[in-house]
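Work through the exercises below with the sequence and the 3D structure at hand, and try each task before reading its solution.

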Amino acid sequence: MTSLKGKGYILLGKWFKVFSSSAKLRFYPPQFALRKPVVRAVEAAISHDYEVAVIVFNVKELLELKEKGQHEELPQFITSLKQAFKKVVIDKVREENLLTIHDYYSDGITLLMNIKGSSKSLIYMDELIRSISREVKERLLSVNPEQPVTLNTGYMFVEHKYYSIEGALDKAHRQAVTMAEAESPMNEMRESINQIIENGNINLLAQPIFDVATNQIKAYEVLTRGPRGTELENPLALFAVARQTGRLYDLEKIVLEKSFRQISENESPQNVFINFTPVTLSDPRFVNEVKDMLKKYKGVHANQIVMEITERDPILNIEEFIESIRGLRELGFRLAVDDTGVGYSSLYAIIEIMPEIIKIDRSVIENIDHNAVKETMLKGLLLIAKETGSVVVAEGIESIGEAMVLSRNRVDLAQGYYYARPSTVDKISISS
């Protein structure tokens, strides 16, 4: 596999300004090596508490043109491809998220971007990748209707905890390329996720959720980590591989069972939030398997468990999803809608699901004590919650100023580093 040496970079956004007096978009000539600037850009993103994703778009037709020896057609096709990606990426990717787009080799395009580190970021990634792929293909077809384009995609996060930045970038790129090669045999990452699922080798953390008025712990949210000391310890990487290899349902089922086991061992009556994607909730097996787990773990009661719907994805099988929601409620589970305030889809989910709990996204809460518009948005979301009879949880509280805004607006519950950091799940209190 290639390293970060190469040609055809585009740098833009705030990180570009670190390295150039001009923020204009440009292609660099082949001899212009940008290894150090890219590494520095990634280091800057990480220092600002971002995760860095490497997204690979493999273009099947480029390889075919080369294999057929049609080299005279290649330059024009590559030019059209670059122009299409350049235009679509500028339109689709938030400026503050974009690090670089690069043709590492002439079979495709690689995009480096930074995102905030949370499981919901995977949804933004998936939506973004689908949108970019669709619009690039449409643009190329408008230029040459006789040349269809097939884009296979894969992505991986830069695991900087155990590697140098350069080593981590190269490793993430190799993994993303492997994921994009849909017809390839079982690879290292697929083997890793299969082993994790087979052995149940995940670790659970618990973050307390506090009553804003009394500052007392009212619940815990279960957080998932992969095996310690591996690139899949990072939950973004863990769930990204599970999604791309079709093992998401199996992974989330393991999270559920390990959570139930720990709650039962702790003999804890505390309310516990457990995250699930619509992929899992829409699976016709889910409700019956949850029933079996309740029978197995007698110390767990459905009315203490909140099923937190974590995605902003469109629900592909709405009938199965609604049926599953109904079945879970009949068993006594409560439902929470995550990411409220991020976009229209979370508000639509509130209308469809009528959740017992609404979780307000960190993007609304961040620096709310310095932003009157955000506080107005919070007030609006609280009115919606009042109409639906939902309890409100504010996520990601990191300062006393943010906490004071929640208090004066009488937000019910809150979680974040200001209140408490996650701890091992066996620390869940047995007190009520």
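**Exercise 1. Decide whether E221 is buried or exposed, and find its side-chain partner.**

E221 has a relative accessible area of 6%, and because buried means under 20%, exposed over 50% and partly exposed in between (1.4 Å probe, protein chains only), E221 is buried. This is a predicted model, in which local features need pLDDT of at least 70 and side-chain atom pairs count only at pLDDT 80 or more, while totals for chains, interfaces and linings use all residues. Residues are numbered from 1 along each chain as its sequence is written, and side-chain values use heavy atoms, with hydrogens and water left out.

Finally, look for contacts, meaning heavy atoms within 4.5 Å: beyond its neighbours within four places in sequence, E221 touches several residues, among them L205, F273, E308 and K359. With K359 the side chain of E221 also makes a polar contact of 2.9 Å, that is, a pair of N or O atoms within 3.5 Å, of which, within protein, one must be able to donate a hydrogen and the other to accept it, and residues adjacent in sequence count only if both atoms are side-chain atoms.

**Exercise 2. Classify the ring pair of Y155 and F157.**

A pair of aromatic rings is described by the distance of the centres and the angle of the planes. Rings of Phe, Tyr and Trp (its six-membered ring) pair if their centres lie within 6.5 Å, and planes under 30 degrees apart count as stacked, over 60 as edge-to-face and the rest as tilted. By this rule there are six aromatic pairs. For Y155 and F157 the centres are 6.1 Å apart and the planes stand at 85 degrees, so the pair is edge-to-face. As for accessibility, Y155 is buried at 3%, and F157 is likewise buried at 3%.

**Exercise 3. Which residues of helix α16 are buried, and what do they pack against?**

Helix α16 covers residues 400-408, and its buried residues are G401, E402, A403, V405 and L406. These buried residues pack against α14 (362-365), α15 (372-388), β12 (391-394) and β13 (413-414).

Terms used:
Helices (H or I, at least four residues) and strands (E, at least two) are DSSP runs, numbered from the N terminus.
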